[in-house]
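Hi,

Here is the structure I said I would pass on. Have a look at it first, and then read on for what turned up in it.

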Amino acid sequence: MPDHRSPHGQRPPLWLVLLIIIMGMMSGYWGYRQLGRFVERHRTELISRLQIPNARVPSYSAIRRVMIISDYEELQVVFNQWSQQYSLIPSNEWVSLDGKSLKNTVTDYDRVA
C-alpha cells in the first residue's frame, strides 16, 4: 500500500502504524485519542513484540495523519489479499456478523429452546 505521507522527518513505517491501528481497534480503542492511549498503555509490549527500532512507536498525531489520508477501500483490498494467505474459508462456511442478517436466516429465532 503506498505511503502518502510527506517524506520529511523521521516517522514510523506505514505498516507499523496500520498494524497498531488495527490492534487498537480490535482491543476496543476507537478514535485518534483512544488509539494514542492504546499506544501509551502498551508501549513497552509493542516495542518488544514488534521489535520496533529505536523504540519509536507512532504518536497520536502520526496515527491521526495516517487515518485521515488512508484510502480505506484500498486498505481493505490489501488486507483481504494478505489475510487470504493465512485463512482459506470456503464461501459456504461464511458467517454474517450482523445480527439482523443472522435473524433472517433462521425460523423461530426468538423462541427459547
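**Starting from Leu18**

Leu18 sits in helix α1; helices here are DSSP runs of H or I with at least four residues, strands are runs of E with at least two, and both are numbered from the N terminus. Before going further, please note that this is a predicted model, in which local features need pLDDT of at least 70 and side-chain atom pairs count only at pLDDT 80 or more, while totals for chains, interfaces and linings use all residues. Residues are numbered from 1 along each chain as its sequence is written, and side-chain values use heavy atoms, with hydrogens and water left out.

Is Leu18 buried or exposed? With a relative accessible area of 13%, Leu18 is buried, because buried means under 20% relative accessible area, exposed means over 50% and partly exposed is in between (1.4 Å probe, protein chains only). Leaving aside residues up to four places away in sequence, Leu18 touches Met1, Val66, Ser70 and Leu75, where contact means heavy atoms within 4.5 Å. Leu18 and Met67 are 49 residues apart along the chain, and their C-alpha atoms are separated by 8.5 Å.

**The chain as a whole**

The chain has six helices and zero strands, so its pattern along the sequence reads α-α-α-α-α-α. Of its 113 residues, 22% are buried. If you take the contacts between residues at least 6 apart in sequence, 56% of them join residues at least 24 apart.

**How α1 meets α2**

Two packed helices are described by the angle between their axes and the distance between the axes. For helix α1 (residues 14–26) and helix α2 (residues 32–41), the angle is about 95° and the axes are 10 Å apart. The axes are lines fitted to C-alpha atoms, for helices over the stretch in contact, and angles run from 0 to 180 degrees between N-to-C directions. α1 and α2 are therefore roughly perpendicular to each other (65 to 115 degrees; under 35 counts as roughly parallel, over 145 as roughly antiparallel and the rest as oblique).

On the α1 side, Ile20, Ile21, Met23, Gly24 and Met25 take part, and they meet Leu35, Phe38 and Val39 in α2. By class, this contact has seven nonpolar residues, one polar and no charged. Ala, Val, Leu, Ile, Met, Phe, Trp, Tyr, Cys and Pro count as nonpolar, Asp, Glu, Lys and Arg as charged, and the others, Gly among them, as polar.

**Pockets and a cavity**

Rolling a probe the size of a water molecule over the atoms shows where empty space is left. On a 1 Å grid over the protein atoms alone, a cavity is a set of points where a 1.4 Å probe fits but cannot get out, and a pocket is an open set with protein on both sides within 12 Å along at least five of seven lines; lining residues have an atom within 4 Å of a point. Grid points are joined across faces, edges and corners, and a volume is the space filled by probe spheres set on the points.

The largest pocket holds about 320 Å³ of space. α1 and α5 (72–84) each supply at least two residues of its lining, and α1 gives the most, with seven. Among the lining residues are Leu18, Trp15, Phe79 and Trp82. By class, the lining has 12 nonpolar, no polar and no charged residues.

The second largest pocket has about 250 Å³ of space. Leu18 is in this lining too, along with others including Met67, Tyr72, Gln76 and Asn80. Which helix gives the largest share of this lining? That is α5, with five residues. The lining divides into eight nonpolar, three polar and no charged residues.

A search of the whole structure also finds one cavity of 30 Å³ or more; the largest cavity has a volume of about 50 Å³. Its lining is made up of Met1, Pro2, Asp3, His4, Arg5, Leu14, Val66, Ile69 and Ser70, which comes to five nonpolar, two polar and two charged residues.

**Two residues in a loop**

Finally, look at the loop between α3 (43–50) and α4 (60–69), where Asn54 lies. Phi of Asn54 is near 60°, a positive value in a residue other than glycine. Ala55 lies in the loop between α3 and α4 as well, and has a positive phi of about 50° although it is not a glycine. Asn54 is exposed, with a relative accessible area of 69%, whereas Ala55 is partly exposed, at 30%.

Cheers
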